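Dear colleague,

Please find the structure below, with its sequence. My notes on selected parts of it follow.

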Number of protein chains: 2
Amino acid sequence: MLEDKNPQKTSLAELGEFGLINHITQYFNINQASSVKGIGDDAAVLDASEKQTLVTTDLLIEGVHFDLSYMPLKHLGYKAVMVNLSDVYAMNGTAEQITVSIAVSNRFPFEAIEELYAGIQLACDTYKVDLVGGDTTSSTKGILISVTAIGKANKEDIVYRNGAKETDLIVVSGDIGAAYLGLQVLEREKQVFQVDPNNQPDLDNYTYLIERQLKPEARKDVSGLLKELEVKPTSMIDVSDGISSELFHICTQSKVGCKIYEDKLPLDPQVISTCEEFELDSTMVALSGGEDYELLFTVPIADFDKIKGNPNFSIIGHITEENQGLNLVTRANQEIELKAQGWNSLKEQ
Amino acid sequence: MLEDKNPQKTSLAELGEFGLINHITQYFNINQASSVKGIGDDAAVLDASEKQTLVTTDLLIEGVHFDLSYMPLKHLGYKAVMVNLSDVYAMNGTAEQITVSIAVSNRFPFEAIEELYAGIQLACDTYKVDLVGGDTTSSTKGILISVTAIGKANKEDIVYRNGAKETDLIVVSGDIGAAYLGLQVLEREKQVFQVDPNNQPDLDNYTYLIERQLKPEARKDVSGLLKELEVKPTSMIDVSDGISSELFHICTQSKVGCKIYEDKLPLDPQVISTCEEFELDSTMVALSGGEDYELLFTVPIADFDKIKGNPNFSIIGHITEENQGLNLVTRANQEIELKAQGWNSLKEQ
């Protein structure tokens, strides 16, 4: 009875998540002096008199972000927290609190929810953050979990996405691509299981990949490692959607281009062997896989000696002029344009 | 393949929301010195050097919390913000920021989401809060919205649920029961519409009720009104689940009992006339209706003269000893025990 007779129809799939966010945010004003940074980075920055408060939030939905047939609820709870802490660390901050809201359909017994919160608790204890609020309700279908993380940082320590400068080095912590491959392995095992429930899968060759998918760890340590090295990143972001997509964010916001090198991408041996087995291009997996929750950042070229050879970090390329665009230099020394292939959940459904 | 062969089964319905929360929270420790108050009140309190930060979050799910056949999306957006700001005001704080996460199925065109955010924007502009973050994703079914609000308050101004003392007066702002009746009217019209889509409903007699349901306002003004009167509540809570349920929270946390008076409950004339039409008991509606987003608070009996006769407030009873329980004194001067009939979404599905 409240329907518009001639509604305009623009499909969400067509618009994509970034398009949708851009459309939505253009109408919002900043009213509070304390809102130092709102939408557009890993976390919002709120002024406090001594330190600034960081706030970030993520929503995980069954059937979109996870599949309970291979994601144990405890791991889901742990991962939901990691995803959010990772955003706080990507601002170079310290995570201090989280709120967790869940909705569950009645097909879940209480013990299932207890498992979920056991994972959340483990994450809280391990990362020294406090659960300080939330909401619990029923859903009409499946389970969903919404986490907000709150952190702190000294104003001068916060690292945004928009500070990358030409000639800066592009650095990534740890290795990449494993979480995506872990998902491929689990999807394959699920299909095998559906055909033959008595089949006992042998997952020994994929333990690292599966752990990266089911129990990712946020890089709480990077901030301290960089402080010890006396390096302050000029820009930073966490790798949730894949390096291509994250570089796209940094370059767009910093108004620069970049060049990264295929042979510099840090890949675990299991990533390489499993890519061969699955007939996947390991470079594509590393660039577009996502869910690694490593930190991608840029540092002044003068810091080269401090970073090179450090086992925690890999220098994968450098920042260029904006008009050069985003490029990958292949092993055959060919330059190809990077495409932001970030995961678009609105398109996939 | 990761299934427990003999899982325990405790139904969520049986446990209820409070039971579930109690079970979940007992295992969480507070790690941060800045976590002044976590779970257990309308908002969490986080220490900052001058002011304390307030954080609260709520989740609204289509088919559980709202029905889009009579809830326009713009109103939904507005209401989702109000529900959260109300929690900040119930701590006697000032709301400053919100984050909003939404999940939508592809049946919604972009314009629908734009409408939703138009309501959020209107709420932000009207209440001077900033949208500072969020997450946008797809859902496998329907629409859901998760809002986190962040506010500030001087440490000495914050009002918790646990400070009510014997002989304190129980006060409520505005009037109660209208939002629940608005929902009943809308549900009835929906059924009429389903039978005869050409029927033009005459809603003139229910305008106030429908407005209270579809466009509630959080009581941002109460804090200032009380300051002018030089009254500081001893406890405070917002009326989201109904006065019975809110009194239950205050009395449990304050370790007191209460006595409220049927003839003191503030009811709008439309509530009285519509209760007659629907053959509903107006006292039951006022006590258990919920979604009023008024503030319920207690003040020392010495403040009686400051509150009485104030058109914004109604004194509805007083706090008693804990062992007296929670009681309603009827118009016939009978005492009956109050039951916390709070809305339990886990039970209803």
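Setting aside neighbours within four places in sequence, Leu169(A) is in contact with Thr298(A), Val299(A), Ile301(A), Phe304(A), Ile307(A), Ile315(A) and His318(A); two residues are in contact if their C-beta atoms, placed from the backbone, lie within 7 Å. This is a predicted model, in which local features need pLDDT of at least 70 and side-chain atom pairs count only at pLDDT 80 or more, while totals for chains, interfaces and linings use all residues. Residues are numbered from 1 along each chain as its sequence is written, and chains are lettered from A and ligands numbered from 1 in the order in which they are written.

Leu169(A) belongs to strand 7 (residues 169–173) of chain A. Helices (H or I, at least four residues) and strands (E, at least two) are DSSP runs, numbered from the N terminus. Leu169(A) counts as buried because it has 23 C-beta neighbours inside 10 Å. The term buried requires 20 or more other C-beta atoms within 10 Å of a residue's own, exposed means 12 or fewer, and partly exposed lies in between, with C-beta atoms placed from the backbone. Pro233(A) is 64 residues from Leu169(A) along the chain, and their C-alpha atoms are separated by 9.6 Å.

**Chain A as a whole**

Chain A contains 11 helices and 13 strands. Of its 349 residues, 54% count as buried. Among contacts in chain A with a separation of 6 or more, 84% come from residues 24 or more positions apart.

Another buried residue is Gly133(A), which has 28 other C-beta atoms within 10 Å. Gly133(A) is found in strand 5 (residues 130–138) of chain A. Between Gly133(A) and Val147(A), 14 residues apart in sequence, the C-alpha to C-alpha distance is 9.8 Å.

**Helices 2 and 3 of chain A**

How do helix 2 (residues 73–89) and helix 3 (residues 110–127) of chain A cross? Their axes come within 6 Å and cross at roughly 40 degrees. That makes helix 2 of chain A oblique to helix 3 of chain A. Helix 2 of chain A meets helix 3 of chain A through residues including Leu73(A), Val81(A) and Leu85(A), and the residues of helix 3 of chain A include Leu116(A), Ile120(A) and Tyr127(A).

**Two glutamates with positive phi**

Most residues other than glycine have a negative phi. Glu279(A), however, has a phi near 55 degrees. Glu279(A) lies in the loop between helix 8 (269–278) and helix 9 (282–288) of chain A. Is Glu279(A) buried or exposed? Glu279(A) is exposed, with 6 other C-beta atoms within 10 Å.

Glu291(A) also has a positive phi, near 65 degrees. Its place is in the loop between helix 9 and strand 10 (295–299) of chain A. Glu291(A) is buried, with 23 other C-beta atoms within 10 Å.

**Helix 8 of chain B**

In helix 8 (residues 269–278) of chain B, the residues Gln270(B), Val271(B), Thr274(B) and Cys275(B) are buried. Seen down the helix axis, the buried residues of helix 8 of chain B fall within an arc of 130 degrees, so they line one face of the helix. The face turned away from this buried side carries the exposed residues Pro269(B) and Glu276(B).

Yours sincerely

Note on methods
Axes fitted to C-alpha atoms, helices over the stretch in contact; angles between N-to-C directions. Parallel < 35°, antiparallel > 145°, perpendicular 65-115°, else oblique. Arc of directions from axis to C-beta.
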